[in-house]
Amino acid sequence: MLDLLLTNATLPDGRTGMSVAVQDGRIVEVAPGLAAPARETLDAGGCLLSPPFCDPHFHMDATLSYGLPRVNESGTLLEGIQVWGELKPQLKAQDMIDRALAYCDWAVARGLLAIRSHVDTSDPSLLPVQAMLEVRKRVAPYLDLQLVAFPQDGVLRTPGGADSLQRALDLGVDVVGGIPHFERTMAQGAESVKLLCEIAAARGKLVDMHCDESDDPLSRHIETLAFETQRLGLQGRVNGSHCTSMHSMDNYYVSKLLPLIAESGVSVVANPLINITLQGRHDTYPKRRGMTRVPELMAAGVNVAFGHDCVMDPWYGMGSGDMLEVAHMGLHVAQMTSQKGIRACFDAVTTNAAKVMHLQGYGIEPGCDASFVLLQARDVVEAIRLRANRLKVWRKGTLLAQTPEVEAQVHVAGRPARVTFSR
Ligand SMILES: [Zn+2]
């Protein structure tokens with residue numbers, strides 16, 4: 001007997017009337033109109049069943065700290081780093097753990113079951129690292145939390161920066177991070193990329209760097225990152241986060257850069273909510289959007305995913321762990337309004353993000369984990385348009401969260417009274 005049989009579901013690839021059979025936490029069959037004895041059978045009513053949302057770029061150590069110790073009034077990246085610097089000496093491990101666990105509850109409710117979080121390793125105490133390792137352990141039964149050793153103040157710029165980062169990796173942090181555009185000079189930025197990739201190669205770790213999070217068209221650390229990836233044989237194991245300077249780069253240079261990134265197997269994570277908010281702050285009008293060249297990267301064969309980056313922290317006061325909000329903003333900023341473009345934006349917060357994170361057992365196929373989200377939407381286009389309600393969220397066959405169906409009652413004489421915003 002099956003543990004769970006879902007029927008009449010629509011899948012992200014557009015197949016309708018699909019059944020998904022679950023046994024021992026895994027998907028055993030995906031086919032139209034299955035009928036088999038199951039402990040629980042659920043008619044999805046034609047709603048979209050998606051693999052869980054994945055956030056490939058987040059800052060869990062800073063989340064929900066908005067207003068501590070003060071609000072970022074200018075809204076810039078640099079004032080955000082300054083506010084975070086003021087908060088750091090006051091941070092207590094327990095407060096960070098409590099805030100992170102609260103955020104993970106939000107995430108689960110939103111069907112977001114895998115998060116890659118950068119963790120600041122600049123302070124030799126490694127307090128944020130210790131706190132996030134504890135969080136990773138606590139949430140492991142229900143959420144995949146991947147940690148990146150992130151030298152926020154620059155691995156070379158910070159005295160002892162490389163040593164702190166190495167110790168974070170010794171403690172069990174999963175991925176090597178970096179921030180070359182925040183080092184003192186372009187040359188030091190390039191040197192930091194080389195150093196960090198060599199550390200990753202020596203330790204067999206993945207790499208995920210904040211790369212060129214700037215409006216400066218001459219910030220070209222992504223080029224060094226792609227080159228070092230090839231030199232060290234790290235193809236498929238390296239990600240460049242943000243890459244916002246690419247928005248402002250010369251088109252001829254980009255025509256040479258895109259094939260280099262594709263050949264090196266470096267993936268790119270754009271953070272639409274944050275990029276549209278933080279970039280272009282030095283512009284008058286016209287103001288640049290500042291998000292990297294998402295459709296062009298995708299067309300060149302680069303795996304591109306979207307991250308949330310921040311929720312209620314020194315850099316961004318908005319957000320609630322909703323990756324559909326991220327996809328929605330990405331669609332607008334990149335003008336990915338075609339049907340193909342909208343679907344690509346959905347992939348950017350699901351399958352593409354899972355690929356960046358090297359997640360195993362991900363997808364709605366036989367043999368994959370029975371982890372999925374039932375959305376109050378007919379398809380991926382409607383899911384993004386409505387930032388659709390997550391009716392039910394399962395992980396490995398266990399129901400983790402549910403939200404009642406959302407509908408409004410409209411009291412207008414002679415008009416339909418029930419509104420779900422679905423046509
Ligand atoms: Zn970030």
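A polar contact is a pair of N or O atoms within 3.5 Å; within protein, one must be able to donate a hydrogen and the other to accept it, and residues adjacent in sequence count only if both atoms are side-chain atoms. The model is predicted, so local features need pLDDT of at least 70 and side-chain atom pairs pLDDT 80 or more, while totals for chains, interfaces and linings use all residues. Residues are numbered from 1 along each chain as its sequence is written, and side-chain values use heavy atoms, with hydrogens and water left out.

Q: What makes the aspartate 212 and serine 219 side chains a polar contact?
A: They are joined at 2.7 Å, and the cut-off is within 3.5 Å. The aspartate 212 side chain also reaches the backbone nitrogen of isoleucine 222, at 3.0 Å.

Q: Why is aspartate 212 said to have no salt bridge?
A: A salt bridge needs a side-chain nitrogen of Lys or Arg within 4 Å of a carboxyl oxygen of Asp or Glu. For aspartate 212, which is buried, the nearest side chain of opposite charge is arginine 220, 8.5 Å away.

Q: Why is cysteine 197 called buried?
A: Buried means under 20% relative accessible area, exposed over 50%, and partly exposed in between (1.4 Å probe, protein chains only). Cysteine 197 has 0%, so it is buried. Cysteine 47, with 16%, is buried too.

Q: How do you know that cysteine 197 is in no disulfide?
A: A disulfide is a pair of cysteine sulfur atoms within 2.5 Å. The nearest cysteine sulfur to that of cysteine 197 belongs to cysteine 211, 9.3 Å away. A search of the whole structure finds zero disulfides.

Q: What makes phenylalanine 53 and phenylalanine 346 an edge-to-face pair?
A: Rings of Phe, Tyr and Trp (its six-membered ring) pair if their centres lie within 6.5 Å; planes under 30 degrees apart count as stacked, over 60 as edge-to-face and the rest as tilted. Here the centres are 6.0 Å apart and the planes are at 70 degrees, which gives an edge-to-face pair.

Q: Why is the pair of phenylalanine 58 and tyrosine 103 called stacked?
A: Their ring centres are 4.5 Å apart and their planes at 15 degrees, so the pair is stacked.

Conventions
Lys and Arg count as positive and Asp and Glu as negative; His and the chain ends are not counted.
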